[in-house]
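Thank you for making the time this morning. I would like to walk through one model with you, going from single residues out to whole chains.

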Amino acid sequence: MSAGAGALEAVIGLEVHIQLRTERKLFCGDSTRFGDAPNTNVCPVCLGLPGALPTMNGHAVTLAVRAALAFDCEVHETSVFARKNYFYPDLPKGYQISQFEQPLATTGQFRVRLPDGEKVVRVRRMHMEEDAGKSLHDRVPGGTAVDLNRAGTPLVEMVSEPDLRTPEEARAYLQQVKQILEYLDVSDCNMEEGSLRVDANVSVRPVGSQALGTKTELKNMNSFSGVEKAIAAEVRRQSEIVAGGGRVEHITLLWDDARGEVRPMRSKEESHDYRYFPEPDLPPLVIPVAEIEAARGELPELPHTRRERFGREYALPTYDAEVLTSTRGLADYFEAVARAADDPKQASNWVMGPLLAALKERGIEVGSSVAPAALAELIALVRDATISQNVGKEVLRKMLDSGRSAKEIVEEEGLAQVRDAGQLEGWVDAVLAAHADEVARFRTGEKKLQGFFMGEVMKSSRGKADPGEVARLLARKLAP
Amino acid sequence: MSESPGVREIVGAVGTAGGDPLRFANAALDRARRAESEDTPLHAFLALADSAAMGGGAATGDDLDGGGRSGKGGPKGPPLLAGVPVAVKDNLCAFDFPTTCASRILEGYVSPYEATVVRRLRSAGGVIVGKTNMDEFAMGSSTENSGFGPTRNPRDRSRVPGGSSGGSAAAVAAGIVPCALGSDTGGSVRQPASLCGVVGIKPTYGRVSRYGLVAYASSLDQVGTIGRTVEDAALLLQAIAGHDPRDATSAPLPVPDFLGARGRGVRGLTVGLPREYFAKELDPAVQRLCREALGRLEEAGAVVREVSLPHTKFAVPAYYILAPAEASSNLARFDGVRYGSRAPGADSARAVYEETRTRGFGAEVVRRIMLGTFALSAGYYEAYYGRAQRVRSLVASDFGRVWAEGVDLLFTPTSPTPAFPLGERTDDPVSMYLSDIFTVTANLAGIPGLSLPVGAVDGLPVGGQFLAPMWEEPKMIGAALALESLLEEAR
């Protein structure tokens, strides 16, 4: 009679595969460039030719250590590569070189921000491994082609403890992991190109229970929304099984994004005994403590620290700080503008508002937009009322499209604000003369026409008239 | 037909007399062809160069990876191996030849790159005359496990040459070439050298690059050299040794002059006689000849002292866990997907693997893959692989203790018996495995070993083995040179 009696909660752990941003593969000198013609970035080592041996790419280790430190992991002075043996057509050696019993780093933690506060998610381990190649099922009729360009690409696998409870938490975790990785410059995190891949381990249990239910493994999720939807679907599936008195089976499931459902890949009975053992072709990876400490000292400022600092140092609202620190590039850009303009709040307004809007229209990144100093100059022109806010927005677009400076544009196009009384009076008189009806209606009490006159004057001055002066003139001339 | 001259004689002749630098190699090829065309062919070679193709191999001068090609003669003398014909075991990748490891699964495979040792051999002026027969993937002690038929012992063609570098040992013993490359995972250079009556050196693990050596058991494999004399084997080693950035297990150490201890004799040297290697199961003739050799060393001023290496008896079982374990993984790449032979008509990936491997691998290879797969499987890992690793470190610490007691070198028999008849042990893997009983310890410990002839019984050669601490090849080779001349004087 207990079925349905107690509420269930999900227990979720994520395994994130991170492709390191190196020019060369993990164990040989081949390029890691994405999108090259199949089997062009290959050599005896990554093809697994008889007699070929792996050698270590030190840069990959540097990046992996940086990532591990950013998630507060203990980086081990000695870690050991192991062979994970299985047969697959895109696995040239018949084993993948990975780390098993002695990984690079263990016992980290990560504060994930959630709508209702923060949650600490523990990181079980981070280890290095090489990627496999790719099986292409759509190139040869009735056959499978193999592209080994990706074989040997360096990866870090980051395994969380099962500390996540909802699909939304899983998504937030993943998004913030990605954000940090971008800050660290260890990966380009491009999910479409597979440089960030995620598997989820999902189980359900009665709320309050400490024991773990039987978990299933979810693969093939290649977007944030895919992760969230796949986990939600799996939690639903498992909950229905449990509610119906059934038992969840230990299986691997693939997420079918098009159909919005999970389907089984293989049952655990068929799963591999990988027969791990220490890789005899590579000596243990030894990283002196001094090097680990040096790497810790060189860690860039991470998003949460930067967010807090922006709030403190620039007196920005939480929302501004959040948006401006969403990527390292944007945060760097904002800081440069804020310093050059000597007005953080204005810098924030301009970067978050007109600049991001204009970039979005043009589909370009902040790094390839106007120089921070050039934007600061524009902000100064608006602040000292040389031009109006609206003219400023227009000038910014012209800057992006032409590469000219704000001053040049304002000068060449005569966009500076006009405060000359005679000129202003001319514009105002012309507008009032042209709209005698409206003037009459205004005088009989239709006060909202004030805005109409204002607009007309601005229009005829091509935005250059000083709005304050115009308002004063209008008030005087329309007075009964 | 006359035998090949020695390495120094060839280098001297090529360096001074001018003429065709390939004449010694061509003569070696003639001898090789003759040996294969006799009524009972030697079958030392799986592939022979045709003389025209050898030109490409005679390149000299360009220094590769800063490897050790120092040696006598100085920079102005001829390269270390100028014009020297060399036979190369077929598990080393070389241009212009197939690399088959004597396996049907690699029949016709030509490597697109060369092993570091082969490049160094060529840059030292050596000429590769052919690829030698071996036990398939270096698994065996008799060269009867070749996928292409066994090699015969040149001293008695009804007998085995030993293994797995039996082709290389036979080619040298038959006088075809003065020296040859082999590989030694559990004794595969020293044991066939002993059975064929030539000299075999297994250097310290890490002394010689394994890049381009098709792996059998990576943590034990080491390229070794075979020569008719200690000097010839040492000169070949001089040409190939040295750090290789392509092999992460190769040591970044300078290469010493391996013949630097020549003429120093053995006076004052403490030679250990390990009790466990002279057990009563040992063939009495082998025992006698080895003890006589020790007597010569003693007469020449060495101090011979009995020592104990108590874990010796566990070495063979540990070896036959560790080597197959690594082999099961190393041989996974032969799956029919990318190169070598593929079973025709297989209709799924799984069928490609199963049928290719079932057809391509011989019985001994299959046996070791099965053994290794089992030893590594979840649930048995600790009981087998883990325990064997612990034995390995105990074996190594046995040696460490003996060196710490002031012993310079150890002297042991190389093989428990002289060459045995073809077919005698093929149905009894365990008796075959025991052929390596005196040699596997060096591989487990990573130390160097050298086998040299100490006499013969009924015309069958018997070898004795020096073992030395890691990196002490010069001391080991010096003692072997001394013993070699002592035995020659006594003859």
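This is a predicted model: local features need pLDDT of at least 70, side-chain atom pairs count only at pLDDT 80 or more; totals for chains, interfaces and linings use all residues.

**Local details first, then the chains**

Let me begin with B:Ser377, which counts as buried because its relative accessibility is 12%, and the cut-off for that label is under 20%. B:Ser377 sits in the loop of chain B that runs between α10 (363-376) and α11 (382-404). What does B:Ser377 touch, once residues up to four places away in sequence are not counted? The answer is A:Asp273 and A:Arg275, and both of those names carry the letter of chain A.

In the loop between α10 and α11 of chain B we also find B:Tyr380. With a relative accessible area of 38%, B:Tyr380 is partly exposed, and, if we leave aside its neighbours within four places in sequence, B:Tyr380 is in contact with B:Phe374, B:Ala375 and B:Tyr385.

Now some backbone geometry, where I would ask you to look at a few individual torsions. In chain B, the peptide bond that joins B:Gly163 and B:Ser164 is cis, with omega at about 5°, and B:Ser164 belongs to the loop between β3 (127-132) and α4 (166-173) of chain B. In chain A, A:Asn39 has a phi near 60°, which is a positive value in a residue other than glycine; A:Asn39 is placed in the loop between β1 (8-19) and α1 (58-70) of chain A, and with a relative accessible area of 34% A:Asn39 is partly exposed. A:Thr107, another residue other than glycine, also has a positive phi, near 45°, but A:Thr107 is found in strand β6 of chain A, residues 105-114. Is A:Thr107 buried or exposed? A:Thr107 is exposed, with a relative accessible area of 54%.

Let me turn to a helix, α6 of chain B, which covers residues 230-240 and is mostly covered, in that eleven of its eleven residues are buried. The buried residues of α6(B) include B:Leu235, B:Leu236 and B:Leu237, and among them are also B:Glu231, B:Asp232 and B:Gln238. Just after α6(B) comes B:Gly242, which takes a positive phi of about 125°.

The nonpolar packing is the next topic. The largest nonpolar core has 266 residues, and the members that touch the most others are A:Met128, A:Leu375 and B:Phe137. The largest share of this core, ten residues, is supplied by helix α8 of chain B, residues 315-330.

Taken along the principal axes, the C-alpha atoms of chain A fill a box of roughly 95 × 65 × 55 Å. Of the 480 residues in chain A, 51% are buried, and of the contacts in chain A with a separation of 6 or more, 68% are between residues 24 or more positions apart.

For chain B the count is 14 helices and eleven strands. How does its radius of gyration stand against what a compact globule of 491 residues would have? Such a globule would be near 23 Å, and chain B has 21 Å, which agrees. The C-alpha trace of chain B spans about 70 × 60 × 45 Å along its principal axes, buried residues make up 62% of the chain, and residues 24 or more positions apart account for 76% of the contacts in chain B with a separation of 6 or more.

Chain A carries 60 positive and 72 negative charges, and their mean positions are 3 Å apart; in chain B, the mean positions of the 49 positive and 53 negative charges are 3 Å apart.

Definitions and conventions: Residues are numbered from 1 along each chain as its sequence is written. Chains are lettered from A and ligands numbered from 1 in the order in which they are written. Side-chain values use heavy atoms; hydrogens and water are left out. Buried means under 20% relative accessible area, exposed over 50%, partly exposed in between (1.4 Å probe, protein chains only). Contact means heavy atoms within 4.5 Å. Lys and Arg count as positive and Asp and Glu as negative; His and the chain ends are not counted. The place of a charge is taken as NZ of Lys, CZ of Arg, CG of Asp or CD of Glu. A nonpolar core is a set of buried Ala, Val, Leu, Ile, Met, Phe, Trp, Tyr and Cys residues joined through side-chain atoms within 4.5 Å. Helices (H or I, at least four residues) and strands (E, at least two) are DSSP runs, numbered from the N terminus. The radius of gyration is taken over C-alpha atoms; the globule rule is 2.2 Å times the number of residues to the power 0.38.
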